[in-house]
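User: I have a structure open and want to learn how to read its features. Can we go through it step by step?

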Amino acid sequence: MSQVVLEGQRIAIHAGAQGNDAVVGLHDVGFKTLLSRLGISTTWGAGERYILFTTPEPKIISFALGDVRYDAGEVSGQAGFAPYERGGEVYLPFYTLLRAVGFEPKIDGGETILQSQVEVDIQSRGQAARVLMHAGVPLAGRLIASSGNRIVYQFDGVGSTLERTRRVHAGGIDEIRIEQSGSVRAPVTRVTFVLSDGANASEMPSENNHDFQLAINGGRGRQVAAATAAPAPSPSPVETASPKSVVAVTAVDAAQSQDGFSVRIAVSGNASFEWHRLLDNRWYVDIHGATLQAPPRDETQTAPSVTSLRVHQVSGDSVRVALTLTGPKLVDVNPGADGLTLLAHNEDDDMLARSGSGSIGGNAVATAAPTSEGWKFKPAPAKTYVPTNPRLIVLDPGHGGSDAGAQRGGLSEKTLTLDISQRLRALLIVRGWQVQLTRTTDIDVYAPNDSAKEELQARVDVANNTGARLFVSVHVNSFVNDAPNGTTTYYYKTEDRQLAQAVHDRLTSANLGTKDDGIIKNNFYVVVHTAMPAILIETAFLSNPNDFALLQSSAWLQRIAKAIADGIGEYAGAPVAAGSGQR
Amino acid sequence: MRNSRIVFLALLFIVVAVAAWVFLTARSKSPLGDHISVYYTKYDGTSEVAWPVSLRPQARDETPGERLQNAALYGAVQAVAGPPPTVEAIRFPAGTHVRAVRVTGSNADVDLSPEVKSQSGGSLGETGEFKGLVWTLTGLPGIASVSVRVDGRRLDALPGGHLELDKPLRRSDW
Ligand SMILES: [Zn+2]
């Protein structure tokens, strides 16, 4: 039993010495208390090989039974010993874990003091930089000196195993000096920033009290560079893969799975790619600046979705992988760190993008041309849905009753969605439609404090049971910060896209003052389960200042209601009496 | 005569041993390499950015099935934790973590901690979180869909939520 001291508080942990590390049981009560104080969650189950820890930062520390290697964020290292299992308990290298989460164990007076170590990360962009400092305990920086181009911050209660001097010469910072003083139990770390001529520093607000941020604005021009003050080499780091300078396609493997025909293209290095779909169901992707180091291929395939596969070098600096599809098949393009995976689905799709692009390697990304610019390969499937009440439109004011939805400054989503829906109902009734709302007051549609699914299904039932012509769900979005903003129209069923397009066109041409966030397919319950054409409109963001101001204006609520009504009219024409048939 | 029989048996033994070695090594090699791609969703709610994460080497006694299971667990933990704090990305609510992942056939069943229910109200976060998780796991060879639990129990939809979560999620859901 040893006494471990964290921020002056003692925790009794069963930890014994093992080599130059210490051993601790995963289920030790004291150890679990320590993890919970540090906000670290554990993922391990009986029979599992991996033992994973997630810090609030977030940083993931990965151990595996029988393996001395551990991973901490992007760094790999050698633990004091390989974790092992005995009698149902997992034993871990305690000191290795502590260091990985930013604490240095220091023995003092028979106790193990957990000294939080400050991390410094510098991100420079042109002549500016952001310095992010982080510790496992609350981190408060005090400016204790500022003269000429030197500024000094003091951090109480944290130590540092970082290099004493770090030459940066980027983003307005010439050098950073780090000195630790104080005692084992009350360490003090001073960080001196030597700025470039004319550069200045300002403190930035941090999202949590474990971070401290400085913004540096550089004076004179310096070469763009990025630097990271890495912890001094604690247990021998394992070399991680270094980026290769030559881009090469090293292997192409094809296989049929239950979802479709997949092609795995292994690419070393960072590369951009571009894919195209031709009208005759040929499809190809070019990987730019790459050399084909795998054998070229030209072969017939008998997959449900693909009849041929070709792999060859084109125009000296691109590798082309070409498929002949059996019809209008969706091809998923998934770039990753080490290549590109294609999946040609077995089923036909009727709206397909004709081109797309992206990058492979670090920060792989893929974008496709919006489907609205795609080619229609066949007419939309014959509508099987026939409304029994073709004059009826069901409107669904999102949330209600015990579920307020998003909220901000006295405004709540449930009130706004009902307000817009009632305005929309009035407009539609004037135009000859019958309108039913899933709720007309501030109530839960199913029952107070019902389950989320019961609530959503109850809204779907209103539409399905009445055999309505259309279903429109009205929502107001929100996010954890104020950046995202705008109006989005969502649909799920392919045949509902036309309704989404018609309404969204009106929303974006109505000068609403919100950003056009597009038409997006999404797995929203109410548009998945409704039998009739259905859309869900996220009108604006309560969390964004511009959108919030608009949502407070009744004139704006009326404008958006009118835009939706116009879009419905555009799609459905004038209401028709029951029995006279649908488009 | 006896000598040629010994030679024949020795040759036969070598052939069988080589065949067995080829068969066993071919069978135990996992298609997973030394990296997996963890996807996160940007603030537009639709763009997925791949974040490469190194996967520890396959252990000698780790079957391809177990390796897929381990990679799925690692990928899910990474996706739920989100990329480093300086990266702009849609993240799961603070404290949300993976309790377990079970791969059955081509489905990965992910058990999340209850913090996931404390959504801040809008559909953007909900969408971005689950899209990133689904893209990460379905990016592993052999996994086509993802089902979700909270505290071991099947989840239909999040409280006050929008997404359909009571069926396995696929990339084609977005
Ligand atoms: Zn909503």
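Analyst: Start with how elements are named. Helices and strands are DSSP runs, numbered from the N terminus. Keep in mind that this is a predicted model.

User: Which helices and strands does chain B have?

Analyst: Chain B has three helices and six strands. Read from the N terminus, their order is α-β-β-α-β-β-α-β-β. Chain B is more spread out than a compact globule, because its radius of gyration is 22 Å, well over the 16 Å that the globule rule gives for 174 residues. The box around its C-alpha atoms, taken along the principal axes, is roughly 85 × 35 × 25 Å.

User: And how many helices and strands are in chain A?

Analyst: Chain A has eight helices and 46 strands.

User: Next, contacts. What share of them joins residues at least 24 apart?

Analyst: Look at contacts between residues at least 6 apart in sequence. In chain B, 59% of these join residues at least 24 apart. In chain A, residues 24 or more positions apart account for 61% of the contacts with a separation of 6 or more.

User: Show me one residue and its contacts.

Analyst: Take Thr127(B). Its place is helix H3 (residues 123-138) of chain B. Thr127(B) counts as buried, at 3% relative accessibility. Leaving out residues up to four places away in sequence, Thr127(B) touches Gly45(B), Leu163(B) and Trp174(B), along with Asn522(A) and Phe524(A).

User: Now charges. How many positive and negative side chains does chain B have?

Analyst: There are 19 positive and 17 negative side chains in chain B. The centres of the two sets lie 12 Å apart.

User: How many salt bridges are there over all chains?

Analyst: The cut-off is a side-chain nitrogen of Lys or Arg within 4 Å of a carboxyl oxygen of Asp or Glu. A search of the whole structure finds 33. One of them pairs Asp61(B) with Arg49(A), with the closest N and O atoms 3.0 Å apart. Asp61(B) sits in the loop between strand S2 (48-54) and helix H2 (64-81) of chain B, and Arg49(A) in the loop between strand S5 (41-43) and strand S6 (50-54) of chain A, so the pair joins two chains.

User: Are those two partners buried or exposed?

Analyst: Asp61(B) is exposed, at 58% relative accessible area. Arg49(A) is buried, at 11%.

User: What does a salt bridge inside one chain look like?

Analyst: Check where the partners lie in sequence. Asp108(A) forms a salt bridge with Arg185(A), the closest N and O atoms being 2.6 Å apart. Asp108(A) is in strand S12 (residues 103-108) and Arg185(A) in the loop between strand S20 (173-182) and strand S21 (187-195) of chain A, so the pair ties together parts that are 77 residues apart in sequence. Both partners are partly exposed: Asp108(A) at 27%, Arg185(A) at 40%.

User: Which other residue does Arg185(A) bridge to?

Analyst: Arg185(A) also forms a salt bridge with Glu111(A), with closest N and O atoms 3.0 Å apart. Glu111(A) lies in strand S13 (residues 111-117), so this pair ties together parts that are 74 residues apart in sequence. Glu111(A) counts as buried, at 11% relative accessibility. Shared partners join Arg10(A), Asp108(A), Glu111(A) and Arg185(A) into one network of salt bridges.

User: Last topic: the backbone. What should I look for?

Analyst: Most residues other than glycine have a negative phi, and most peptide bonds are trans. Look for departures from that. The peptide bond from Glu57(A) to Pro58(A) is cis, with omega near 5 degrees. Pro58(A) is in the loop between S6 and strand S7 (60-64) of chain A.

User: Where is Glu7(A), and what is its phi?

Analyst: Glu7(A) has a positive phi of about 50 degrees although it is not a glycine. Its place is the loop between strand S1 (2-6) and strand S2 (9-13) of chain A. Glu7(A) is exposed, at 56% relative accessible area.

User: And in chain B?

Analyst: Asp151(B) has a positive phi of about 50 degrees and is not a glycine. Asp151(B) lies in the loop between strand S5 (145-150) and strand S6 (153-154) of chain B. At 34% relative accessibility, Asp151(B) counts as partly exposed.

How values were computed. Residues are numbered from 1 along each chain as its sequence is written. Chains are lettered from A and ligands numbered from 1 in the order in which they are written. This is a predicted model: local features need pLDDT of at least 70, side-chain atom pairs count only at pLDDT 80 or more; totals for chains, interfaces and linings use all residues. Side-chain values use heavy atoms; hydrogens and water are left out. Helices (H or I, at least four residues) and strands (E, at least two) are DSSP runs, numbered from the N terminus. The radius of gyration is taken over C-alpha atoms; the globule rule is 2.2 Å times the number of residues to the power 0.38. Contact means heavy atoms within 4.5 Å. Lys and Arg count as positive and Asp and Glu as negative; His and the chain ends are not counted. The place of a charge is taken as NZ of Lys, CZ of Arg, CG of Asp or CD of Glu. Buried means under 20% relative accessible area, exposed over 50%, partly exposed in between (1.4 Å probe, protein chains only).
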